[in-house]
Amino acid sequence: MKESFLRQMEQELGQIGIHLEEKQMNQFYQYMEMLVETNKVMNLTAITEEKEIITKHFVDSLSLIKVLTELKEEKTLRIIDVGTGGGFPGIPLKIAFPSCQITLLDSLQKRVKFLEEVCRQLGLRDIEAVHGRAEDMGQKADYRERYDCAVSRAVANLSTLSEYCLPFVKTGGVFISYKSGEVEEEAEAAKKAIQILGGKLEEVYPFLLPDTEMKRSFVKIRKVKETGKRYPRKAGMPAKEPLGGKSKS
């Protein structure tokens, strides 16, 4: 069983230029086991088959290397994963790129407890799991404009996600949204919101997950100036009334 896991991991990660040590492979395997086991009593993911976890969670998470090239240089990046859920992409990024300092943010306390246990059992350092809503945490001095990069695989339109994530990013840093399918139209519709929040749309990077026809995209937004103090607005508002008008999710 573990041999098939290692083979698939090596093959698919090799396609995106990532090669891991035995310890890191073991951490991924242990993470998968904890995810599947805990998912029986808590809703963490709809994806529970080994092959799909590898491709759709682990390799998808690590595909960030395509647009965040600093990961290849083993720089100490401060990254916040907004709406992390079962820990994606933050925990895979931490395992593969241990020099990164990661904050996992989720609004559900029991998921945060699970993430803390994963980090403890895997022996991960310089990673914290935080319970809170992005709208509240983005106004706190300890988190606001403190990160080189914010990432999110959360399902929301890009205008809303930008209001959740850009306040965390320091000027000069980036917010990178993981998206399914083609998102050029959605990205275009979010440009006004991005500008209001101090960002500039830098790149939309489409790609296929290894050995699949699954279309994915990264939307890379550069933080070019500080976010106005009124943003993010109070909890619920970014989703209810996206900045710049409605945009497609």
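This is a predicted model: local features need pLDDT of at least 70, side-chain atom pairs count only at pLDDT 80 or more; totals for chains, interfaces and linings use all residues.
Residues are numbered from 1 along each chain as its sequence is written, and side-chain values use heavy atoms, with hydrogens and water left out.

Strands here are DSSP runs of E with at least two residues, helices are runs of H or I with at least four, and both are numbered from the N terminus. Strand 4 covers residues 147–152, and five of its six residues are buried, meaning under 20% relative accessible area; exposed means over 50%, and partly exposed lies in between (1.4 Å probe, protein chains only). Strand 4 runs parallel to strand 1 (residues 78–82), with three bridges joining them. It also runs parallel to strand 5 (residues 169–180), this time through five bridges. Two strands pair if DSSP finds at least two bridges between them. Ser152, for instance, has Ser177 in strand 5 as its bridge partner.

Now follow the chain onwards. Strand 4, helix 7 (residues 158–165) and strand 5 make a right-handed β-α-β unit. Right-handed means that, with the strands pointing away from you, the path from the first strand over the helix to the second runs clockwise.

Next come the charged side chains. Side chains of opposite charge can pair when their charged atoms come close. A salt bridge is a side-chain nitrogen of Lys or Arg within 4 Å of a carboxyl oxygen of Asp or Glu, and the structure holds 16 of them. One of them joins Asp106 and Arg111, at 2.8 Å from N to O. Asp106 is buried at 4% relative accessibility, and Arg111 is buried too, at 19%. Another salt bridge links Lys215 and Glu182 at 3.0 Å, N to O. Lys215 lies in strand 7 (residues 215–223) and Glu182 in the loop between strand 5 and helix 8 (184–189), so this pair ties together parts that are 33 residues apart in sequence. Lys215 is partly exposed at 48%, while Glu182 is exposed at 59%. There is also a network of salt bridges linking Asp60, Arg153 and Arg216.

Finally, look at Lys200 in strand 6 (residues 199–208). Lys200 is exposed, with a relative accessible area of 55%. Leaving aside neighbours within four places in sequence, Lys200 is in contact (heavy atoms within 4.5 Å) with Ile194, Lys220, Ile221, Arg222 and Val224.
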